[in-house]
Amino acid sequence: MSFEELEQDPFDTHEFVERLAWRTMGTKAKSSHTEFDPMLLHTAFEKMIQDLKDKNVQVQRKVEKLEEICKEEEKKHWQRVADLQKKNQTSYAGFQNLDERINLVATKVVHLGDQLEGVNTPRARAFEAQKLMSFLSEFLTDGPPKSAVFTDPFQLQLAADIIQKLHLIALELPSSEKFAKARRKIADKYDQIENELIEEFKIAHSENDQKKMRRCASVLSNFKGYGRCIDAFIEATQKHAFMKQDPFDAVLPLCQKTNDLAQAVFSSPETVMGKLVQNIYMGKLQAFVKSKLDNQQDQEQYLKDLYELYTRTTQLSSDLSVYKLGNDSSLLAKLTKVVFLKHLDNYSSVETAYLKERCSALLQRYYDEREHQKKQMQSGGLSELRRDIQAKIVNVTQANINIGPTIENYGGETFLSQEVAINILQETKLALKRCKVLSGTSDVAENAVRVLDVLIQYLVVEHIDYAIEIGLHGIPLSDPKSQPKIYFFDVVSQANTLFHLFEKQFMDCAVPLIMSTPKYSDCLHRKRELREQMESKIDTGLERVITSITGWVKNILANEQKKTDFKPEESNTFIPSGTNASAKVVKFLTEQHLSIRTNLDGKNVEVVLFEIGTRLHRVIYEHLLQFMYNSLGAMLVICDVNEYRKCVKEFKIPLVNQLFEKLHALCNLLVVVPENLKQVCSGEQLAGLDKSVLLSFIQLRTDYKTAKLSTMLK
């Protein structure tokens with residue numbers, strides 16, 4: 001066994017023991033139990049244990065030796081560290097001494113420099129003044145200056161420096177004729193050198209020589225014509241930049257390129273960039289805006305172009321705001337306002353005028369397609385009074401004398417169009433979108449209210465309200481002589497749908513523009529009034545419809561129900577399921593119920609059906625009290641009431657169901673044998689009814705007197 005196996009990583013003791021046993025016993029011991037020798041294995045284990053103990057002793061000795069060596073190295077290391085610390089302290093002390101000596105020398109040098117400067121500065125100034133005086137003397141002579149600096153084109157920048165100083169000196173010279181000629185010659189030379197510098201700057205720009213441009217710009221910065229240099233730079237940068245008619249796409253790349261060049265050339269690049277942007281806005285952009293808007297006759301296209309151009313300009317201003325454009329932080333906003341000033345001042349009036357024209361055209365086209373001429377509708381108390389009087393006259397005289405409004409249903413046409421409403425809403429939505437962008441901060445709410453006023457006028461008043469008025473005038477009279485055609489439920493459904501669309505746009509588009517202003521509460525109040533006015537008219541119409549429905553039921557019962565219906569011959573063994581009158585009533589009510597469920601929603605359905613159900617109960621109850629009933633007739637009226645009961649059960653109004661259940665129970669009094677009559681009257685269904693009501697039904701029996709039923713109830 002090699003001890004190298006003990007140094008393997010990781011070391012597995014179980015595997016080590018297994019390998020030792022395998023090597024000791026061999027492969028035969030595994031295949032045959034008779035070959036297994038435990039003593040041999042025991043001896044091998046004892047020998048290996050002893051070897052491991054010896055190995056452990058050797059390793060321990062080696063560890064102790066290494067620890068001694070490590071301790072010796074540590075002592076030597078600490079000794080070296082102590083020596084280095086002593087050397088460091090000595091070096092630091094020497095450094096301090098040297099630093100003190102350097103400071104002393106530096107102080108003396110500075111003092112000496114100040115003394116030298118004090119001597120040299122006046123000397124340099126005197127020398128500079130002498131040079132300037134010599135140059136000035138050349139301008140005092142009759143001929144042109146002869147110094148090489150003024151004649152050598154390669155010394156232009158030096159000449160510029162000299163002439164600039166001479167120009168300042170000339171301004172201080174006395175205004176006598178003696179120096180007038182010299183001042184004039186200096187001014188001419190000043191202008192000449194200035195023009196030459198600007199030309200040199202232009203040439204350098206065309207050659208993209210930034211170093212030369214920077215030198216020329218630096219010299220010209222002291223000249224009066226520095227602004228001309230900047231103007232020349234701006235003009236050159238825009239050359240060939242605007243190749244298309246639409247300048248917007250070219251502005252941002254041009255400014256990015258020019259900004260890098262201005263940073264490299266000018267000492268104040270932000271001023272240059274400000275003048276560049278101002279030149280672009282007041283030049284190319286303003287000209288383009290003018291060409292697009294000034295001669296535009298189509299108001300719709302004008303508003304679209306104005307919105308698009310203004311949006312693109314504000315976006316461009318936002319993109320350009322990353323550059324420093326001088327000291328005025330609001331420069332871009334001011335330039336944008338100047339470019340669009342003429343159009344923004346008139347925007348609100350143009351917007352409302354176009355919107356009115358567009359909405360009016362949409363409505364007129366809709367009515368023209370239906371060959372309808374809008375009428376001046378009368379509503380209110382006088383119209384109601386005329387309608388009621390006409391209904392009474394028709395009932396009394398059976399003649400059609402028209403003193404009220406004509407009942408015209410236009411073949412079921414509601415005169416409400418979701419398509420027209422959506423078109424109007426879309427136009428106002430775009431108008432509000434433009435209003436938000438094109439109006440000033442203080443004018444947004446006011447302009448939004450103007451747009452909202454147009455929407456209310458044309459959608460709510462002239463379309464929805466007008467259709468409701470037509471629907472009101474088309475409702476049949478309260479006592480119709482022919483089956484009424486009721487289309488008002490359709491009007492209610494469509495009017496509610498369109499008003500919901502109006503309210504949604506009001507909340508989504510108008511409210512954000514007026515939320516934080518006093519106009520918000522005014523607009524909410526107005527919207528609430530419009531809703532209440534519409535609901536009031538709808539309630540009036542529904543009341544008329546319910547009255548007309550019950551009136552027609554009365555008419556059916558009055559004309560179709562015969563006195564003999566409930567007193568058939570006793571020999572007639574066939575009992576029909578109901579009378580013809582009840583069948584017509586049920587059919588008519590079923591049609592109206594379906595129309596109500598289709599067109600009304602929410603509480604309106606329950607309220608209308610409840611009113612119809614309760615009034616129908618009263619009509620049928622009063623109708624049944626007009627007849628006498630034998631036994632077969634009583635069975636027939638029970639069948640009629642059962643049909644009514646099944647019809648109103650579909651209303652799903654619990655109180656109405658209870659009313660007809662009690663009516664059905666009252667009809668049962670007509671068929672009960674006399675002996676059980678008192679017991680039935682005190683039953684659960686009839687227990688809550690007044691005794692006079694019970695008696696009024698019992699008196700309708702043909703055997704009331706013969707069977708002496710009155711005595712049985714006492």
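**Helix H24.** I began with helix H24, residues 691–698, and found Leu694, Phe697 and Ile698 buried. Looking down the axis of H24, I saw the buried residues fall within an arc of 100°, so they line one face of the helix. I note here that the model is predicted.

I looked up residues 42–76, which an unreviewed UniProt entry lists as "coiled-coil region". In the model I find this span to be 100% helix and 0% strand.

**Cysteines.** I searched for disulfides and counted 0. I took the cut-off to be a pair of cysteine sulfur atoms within 2.5 Å. I also checked the accessibility of two cysteines. Cysteine 359 is buried at a relative accessible area of 0%. Cysteine 509 also counts as buried, with 18% relative accessibility.

**Salt bridges.** My count came to 31 salt bridges.

How far apart are the closest N and O atoms of lysine 212 and glutamate 200? I read 3.8 Å for this salt bridge. Lysine 212 sits in helix H7 (residues 210–220) and glutamate 200 in helix H6 (residues 177–206), so the pair ties together parts that are 12 residues apart in sequence. I noted lysine 212 as partly exposed, at a relative accessible area of 23%, and glutamate 200 as buried, at 17%.

Next I took lysine 374 and glutamate 462, whose side chains meet in a salt bridge at 3.9 Å, N to O. Lysine 374 is in the loop between helix H13 (347–369) and helix H14 (381–397), while glutamate 462 is in helix H16 (residues 444–473), so this pair ties together parts that are 88 residues apart in sequence. Lysine 374 is partly exposed, with a relative accessible area of 31%. Glutamate 462 is partly exposed too, with 24%.

I placed both residues in helix H21 (residues 631–649), 3 residues apart, about one turn of the helix. An α-helix has 3.6 residues a turn, so residues three or four places apart point the same way. Lysine 646 counts as partly exposed at 44% relative accessibility, and glutamate 643 counts as partly exposed at 26%.

Last, which residues make up the network of salt bridges? I list Glu503, Lys527, Arg531 and Glu535 as linked in it.

Conventions
Residues are numbered from 1 along each chain as its sequence is written. This is a predicted model: local features need pLDDT of at least 70, side-chain atom pairs count only at pLDDT 80 or more; totals for chains, interfaces and linings use all residues. Side-chain values use heavy atoms; hydrogens and water are left out. Buried means under 20% relative accessible area, exposed over 50%, partly exposed in between (1.4 Å probe, protein chains only). Helices (H or I, at least four residues) and strands (E, at least two) are DSSP runs, numbered from the N terminus. The arc is that of the directions from the helix axis to the C-beta atoms. UniProt positions are given in the numbering used here, feature names are shortened, and annotations may be inferred rather than shown by experiment. A salt bridge is a side-chain nitrogen of Lys or Arg within 4 Å of a carboxyl oxygen of Asp or Glu.
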